[in-house]
Amino acid sequence: MAIPPVFRGYRHVKSGGLWEKRPAEPGAPGVVQPLVAGNWKMNKTPIEGGAMVYRVLDLCRGITDVDIVFAPPFTGLYTLREFLPAGFADKEYGLAGNVYVAAQDVFFKPDGPYTGEISPRMLKAIGIDMVIVGHSDRRTRLGEFFGIRGSVTRRLAPQQLVAELERLRGDGEVDPNIIAALALLTDPANRHILDGLAAYLIKQFTERTGETEEVINKKTIAVVDQDLTAIFCCGENLQAREGGRTFQIIKGQIVNGLAGIAPEKMKQVIIAYEPVWAIGTGQIASVDKIAEVHAFVRDLVERFYGEEIARFIRILYGGSVKPDNMSQIMGIPNVDGVLVGGSSLEAADFAGIIRYDLPARAA
Ligand code: PGA
């Protein structure tokens, strides 16, 4: 696919059934401004984060036509907001209100007995602008750390099952099918079936132990209801990609995740397409793959919300974005910016991504 030249401000225009980016004067009506968001994940103390943000802004002096978003962990949010009081970045670094602070997650209740959780109302109260919702780390990957392997392995340990079978046989009320199943599983001749079952359950539970589409939908609604902006993440894993289910997965995530969001609230929604297999792997999706999913997402938004909303919604790409692949990514139709993990942790890298089509500036 030919990659058009890079430009910053543009309009999305549909022509011959395809979306195109047409250059436009920054600030003109309907102009989309690219957005670069850095998701620090579980990295940086508040002071380390604040110091890096100043270095990034120093390297990005005068760049007013890209929205810059920093997403520190919860512990860094308040401090970062204090580091960036209203008007400070504009005055010190020649910016134009285009620096934002985002949380990486949120709970959907306003307050109450939810140990360890943070609500959108609490984020709003400390001046946070945006919230990342439904990141694939939270949808699935963190399931690895929830002790599922240990808990399945313990329950399906052969001696444990033999003891359980004895106990259940002595209990007249138990479903005979359970006893029959345990008798089969504890037969030493069937050890391979038991091992296979354990492996299957570990895989199923690990992959599915995370935020469901229903929870992500509640969080997205809670975020926009507080007039914060949601950076709503979607993306297929390798298995889905190889099984030809990419579009079906993305459609399900978006339709279910954004259910019940009123059209007037869509100004507060940014969609980030992050193929799980490209996150943190150094293996960026090809230009064609990014282009087809992004076009699909914009068409989907058009189908559900109409052309006007489809023209302004920003669709970010995420997954192994680096300073040296950023210009190419931004040249792809329907890509309105990026969500960056690893390369958002070093000032020079993150600034290089924000500056993408401009020469690097020495620190
Ligand atoms: P990465 O992460 O840039 O390190 O691939 C992207 C993300 O998880 O948002």
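R22 counts as partly exposed because its relative accessibility is 35%; partly exposed is the range between buried (under 20% relative accessible area) and exposed (over 50%), found with a 1.4 Å probe on protein chains only. E20 is partly exposed too, with a relative accessible area of 32%. R22 and E20 form a salt bridge, and their closest N and O atoms are 3.1 Å apart. Here a salt bridge is a side-chain nitrogen of Lys or Arg within 4 Å of a carboxyl oxygen of Asp or Glu.

Before we go on, here is how to read the numbers. The model is predicted, so local features need pLDDT of at least 70 and side-chain atom pairs count only at pLDDT 80 or more, while totals for chains, interfaces and linings use all residues. Residues are numbered from 1 along each chain as its sequence is written, and side-chain values use heavy atoms, with hydrogens and water left out.

## The protein as a whole

The protein has 363 residues, and 46% of them are buried. Its secondary structure comes to 16 helices and 10 strands. Helices (H or I, at least four residues) and strands (E, at least two) are DSSP runs, numbered from the N terminus. Along the principal axes, the C-alpha atoms fill a box of roughly 80 × 50 × 40 Å.

Now look at contacts, meaning heavy atoms within 4.5 Å. Among contacts with a separation of 6 or more, 74% are between residues 24 or more positions apart.

## More salt bridges

How many salt bridges does a search of the whole structure find? The search finds 20. In one of them, the side chains of D105 and K219 meet at 2.8 Å, N to O. This pair links distant parts of the chain: D105 sits in the loop between β5 (99-103) and α4 (120-125), K219 sits in helix α10 (residues 213-225), and the two are 114 residues apart. Both D105 and K219 are buried.

Another salt bridge joins the side chains of D111 and R121, at 3.4 Å from N to O. D111 lies in the loop between β5 and α4 and R121 lies in helix α4, so this pair ties together parts that are 10 residues apart in sequence. D111 is partly exposed, with a relative accessible area of 47%, and R121 is partly exposed at 44%. There is also a network: salt bridges that share partners join D105, R138, E211 and K219.

## Helices α7 and α8

Helix α7 (residues 158-169) packs with helix α8 (residues 176-186) at an angle of about 150 degrees, and their axes are 10 Å apart. The axes are lines fitted to C-alpha atoms, for helices over the stretch in contact, and angles run from 0 to 180 degrees between N-to-C directions. α7 and α8 are therefore roughly antiparallel to each other. As for the labels, angles under 35 degrees count as roughly parallel, over 145 as roughly antiparallel, 65 to 115 as roughly perpendicular and the rest as oblique.

The crossing of α7 and α8 is left-handed; that word applies if the near helix is turned anticlockwise from the far one by less than a right angle, and right-handed applies if clockwise. On the α7 side, the contact includes L161, V162, L165 and L168, and on the α8 side it includes I178, I179, L182 and L185. The residues of this contact divide into 10 nonpolar, one polar and two charged. Ala, Val, Leu, Ile, Met, Phe, Trp, Tyr, Cys and Pro count as nonpolar, Asp, Glu, Lys and Arg as charged, and the others, Gly among them, as polar.

## Helices α12 and α13

At what angle do helix α12 (residues 246-257) and helix α13 (residues 287-305) cross? Their axes cross at roughly 40 degrees and come within 11 Å. That makes α12 oblique to α13. The crossing is right-handed.

In α12, the residues that meet α13 include F247, I250 and I254, and their partners in α13 include V293, F296 and L300. The residues of the contact of α12 with α13 divide into nine nonpolar, one polar and three charged.

## Two positive phi values

K41 is a residue other than glycine with a positive phi, near 50 degrees. K41 is found in the loop between β3 (35-39) and α1 (46-59) and is partly exposed, at 24% relative accessibility. S320, which is not a glycine either, has a positive phi of about 60 degrees. S320 is placed in the loop between β9 (314-318) and α15 (323-330). Is S320 buried or exposed? S320 is buried, with a relative accessible area of 10%.
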